[in-house]
Amino acid sequence: MQSSIVKKVLMALSGIFLMFFLLQHLTINLTSLIPDDGKTFNAISHFMGYNPIVQFILQPILIFGVCFHFIMGFILEYQNRKARNKKYIYHKTNSSWISKNMIITGLVILAFLALHFYDFWIPEMEYKYINYEVSDPTKYFHELKEKFYGATYRTAIYCISFILLGMHLNHGLSSSFQSIGVTKSRDKLLRAVAYIYSFGISLGFIAIAIFHYFTH
Amino acid sequence: MDLLLKIWRQKNKTEKGGVQNYRIKNIEPDMSFLEMLDVLNQQLINEGDDPIAFDHDCREGICGSCSLVINGAPHGPDKGTTTCQLHMRKFKSGDTIYIEPFRSSSFPVIKDLVVDRSAFDRIQQAGGYVSINTSGNTVDANATPIPKPDADEAFKSAACIGCGACVAACKNSSAMLFVGAKVSQYAHLPQGKVERNERVINMVDQMDKEGFGSCTNTGACEAHCPKDISLDNIVRLNQEYLKSKIL
């Protein structure tokens with residue numbers, strides 16, 4: 001764990017794991033766009049919410065993965081800043097803004113996660129494990145609608161966060177493959193996959209938020 | 001050419017430095033950048049001032065001694081070129097040129113534009129070599145058959161002159177392009193196989209001890225490398241390190 005390469009590899013692996021989670025999350029959320037009064041979305045959400053493997057094995061792994069990725073990101077950022085003790089008076093760089101500012105997009109995602117947990121995850125945990133309320137397999141679609149319909153500020157914050165999430169993923173995906181020694185981050189195929197994935201995730205979540213903002 | 005130079009001056013390691021302005025006239029476009037600094041230094045000596053300290057040796061782009069961050073770019077605006085091979089024709093009369101030392105916590109400024117790059121020497125000493133039997137039975141390197149693609153790849157990595165521009169360009173002061181090149185040049189050759197595992201582990205450990213940052217794949221090192229060392233070397237460094245740790 002002391003080696004800079006090991007830290008980078010762990011950062012990359014936790015990032016790849018979170019990318020799979022995001023893809024799964026988007027796939028489930030896209031079912032809320034199916035015109036069946038939320039039946040499919042409710043069924044999948046209820047399964048995810050009450051399946052013991054998902055709840056007591058996968059969910060803790062996911063939370064660990066998220067925390068690990070953030071903590072390791074902060075450690076690496078701290079070490080990297082220490083390595084460059086003085087800035088240039090005049091600095092010109094060919095690197096993209098995204099690649100140089102992963103910590104900024106990461107912090108926005110962290111703030112967004114706090115809001116997202118406050119909106120959905122904490123009420124769900126309260127409902128199930130604190131108040132021990134009877135499960136309602138039809139509530140999920142309704143809750144989603146309630147949060148977004150006409151909620152301009154929330155929808156705007158979510159959409160801005162999804163744009164920054166897309167930017168973070170774009171560099172993160174190509175960068176992670178370089179860190180684990182597969183291929184360089186400028187590889188054309190890898191760049192294409194990174195663009196398709198990051199745009200897909202970002203636009204997919206934005207489309208869902210905007211759809212529920214306008215439709216009741 | 002008449003130029004305004006904004007040059008970093010610093011008396012020694014401990015004193016705080018700053019930028020000083022110098023006006024220089026009648027510079028020939030065919031002069032090299034270092035020759036232009038020689039002219040300025042002669043001017044300063046004639047005026048009784050302290051000349052500007054800067055590193056240089058071969059002035060042929062092969063020794064890796066010259067450094068300088070010129071207008072924000074290590075080795076200046078010309079791609080794939082060292083400072084000593086940069087010519088004044090790349091600038092226009094009336095230009096303002098910023099000249100700073102390479103910046104990194106691991107490359108402390110000794111004086112003005114000269115930085116201490118001995119951290120690279122210590123990384124090399126940690127494993128950047130092959131052990132050869134010199135007892136009289138030395139095998140001629142040319143007697144060992146090496147596939148042409150492997151030899152070419154090794155040669156591309158060996159083109160690294162260890163100037164430190166990668167560290168200077170990287171926002172994290174990462175030395176991974178340098179270490180990657182030094183590990184790769186031996187990883188491709190049969191002579192490097194014997195110490196392969198120890199080499200990468202020891203060199204990376206030393207790199208971390210020296211306080212260099214880690215690679216965040218911005219690609220700035222590759223873009224500013226005067227020898228066009230590719231990011232592929234960092235990929236290979238990661239591969240070699242992981243293989244050595246796991247296998």
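This is a predicted model: local features need pLDDT of at least 70, side-chain atom pairs count only at pLDDT 80 or more; totals for chains, interfaces and linings use all residues.
**Figure 1. Chain A, a chain of helices.** Let us begin with the overall layout of chain A. Chain A has eight helices and zero strands, and from the N terminus on its elements read α-α-α-α-α-α-α-α. Along the principal axes, the C-alpha atoms of chain A fill a box of roughly 60 × 35 × 30 Å. Of the 216 residues in chain A, 28% are buried. For contacts in chain A with a separation of 6 or more, 80% link residues 24 or more positions apart.

**Figure 2. Confidence along chain A.** The mean pLDDT of chain A is 93, and 100% of the residues score at least 70. Where in chain A is confidence lowest, and where is it highest? The lowest value belongs to helix H6 (residues 139-148) of chain A, with a mean of 90, while helix H1 (residues 4-30) of chain A has the highest, at 96.

Figure 3. Is A:Leu164 buried or exposed? With 20 other C-beta atoms within 10 Å, A:Leu164 is buried; the cut-off for a buried residue is 20 or more. Setting aside neighbours within four places in sequence, the contacts of A:Leu164 are A:Thr105, A:Val108 and A:Ile109. For a sense of distance, A:Met1 is 163 residues from A:Leu164 in sequence, and their C-alpha atoms are 29 Å apart in space.

**Figure 4. Where chain A meets chain B.** Here the two chains are shown side by side at their contact. Chain A contributes 34 residues to the contact and chain B contributes 35 residues. On the side of chain A that touches chain B, H1, helix H3 (52-83), helix H4 (97-100) and H7 of chain A each provide at least two residues. By class, this side of chain A has nine nonpolar, 16 polar and nine charged residues.

Figure 5. Chain B holds eight helices and seven strands, and its C-alpha trace spans about 60 × 35 × 35 Å along the principal axes. Buried residues account for 45% of the 247 residues of chain B. Among contacts in chain B between residues at least 6 apart in sequence, 70% connect residues at least 24 apart. The chain is divided into domain 1 (3-111) and domain 2 (119-246), and the C-alpha centres of these two domains of chain B are 29 Å apart. Their contact draws 18 residues from domain 1 of chain B and 16 residues from domain 2 of chain B. On the side of domain 1 of chain B that touches domain 2 of chain B, there are seven nonpolar, ten polar and one charged residues.

**Figure 6. The open sheet of chain B.** In what order do the five strands of this open sheet stand? The order is E2-E1-E5-E3-E4 in chain B, with mixed pairing. Strand E2 (18-24) and strand E4 (73-74) of chain B are at the edges, each with a single partner strand, so one side of each has no neighbour in the sheet.

**Figure 7. The buried side of helix H2 in chain B.** Follow helix H2 (residues 118-127) of chain B and look for its buried residues: B:Ala119, B:Phe120, B:Ile123, B:Ala126 and B:Gly127. Why do they lie on the same side of H2(B)? They cover an arc of only 115 degrees around the axis, so they share the same side of H2(B). The buried residues of H2(B) pack against helix H5 (176-187) and helix H6 (196-209) of chain B.

**Figure 8. B:Ile234 and its contacts.** B:Ile234 is buried, because 32 other C-beta atoms lie within 10 Å. Which residues are in contact with B:Ile234, leaving aside its neighbours within four places in sequence? They are A:Gln178, B:Met176, B:Leu177, B:Gly180 and B:Cys215. By comparison, B:Asn12 is 222 residues from B:Ile234 in sequence and 34 Å from B:Ile234 in space, C-alpha to C-alpha.

Methods. Residues are numbered from 1 along each chain as its sequence is written. Chains are lettered from A and ligands numbered from 1 in the order in which they are written. Helices (H or I, at least four residues) and strands (E, at least two) are DSSP runs, numbered from the N terminus. A residue is buried if 20 or more other C-beta atoms lie within 10 Å of its own, exposed if 12 or fewer, and partly exposed in between; C-beta atoms are placed from the backbone. Two residues are in contact if their C-beta atoms, placed from the backbone, lie within 7 Å. pLDDT is the predictor's confidence in each residue, from 0 to 100. Two strands pair if DSSP finds at least two bridges between them. Ala, Val, Leu, Ile, Met, Phe, Trp, Tyr, Cys and Pro count as nonpolar, Asp, Glu, Lys and Arg as charged, and the others, Gly among them, as polar. Domain bounds come from an automatic or database domain assignment. The arc is that of the directions from the helix axis to the C-beta atoms.
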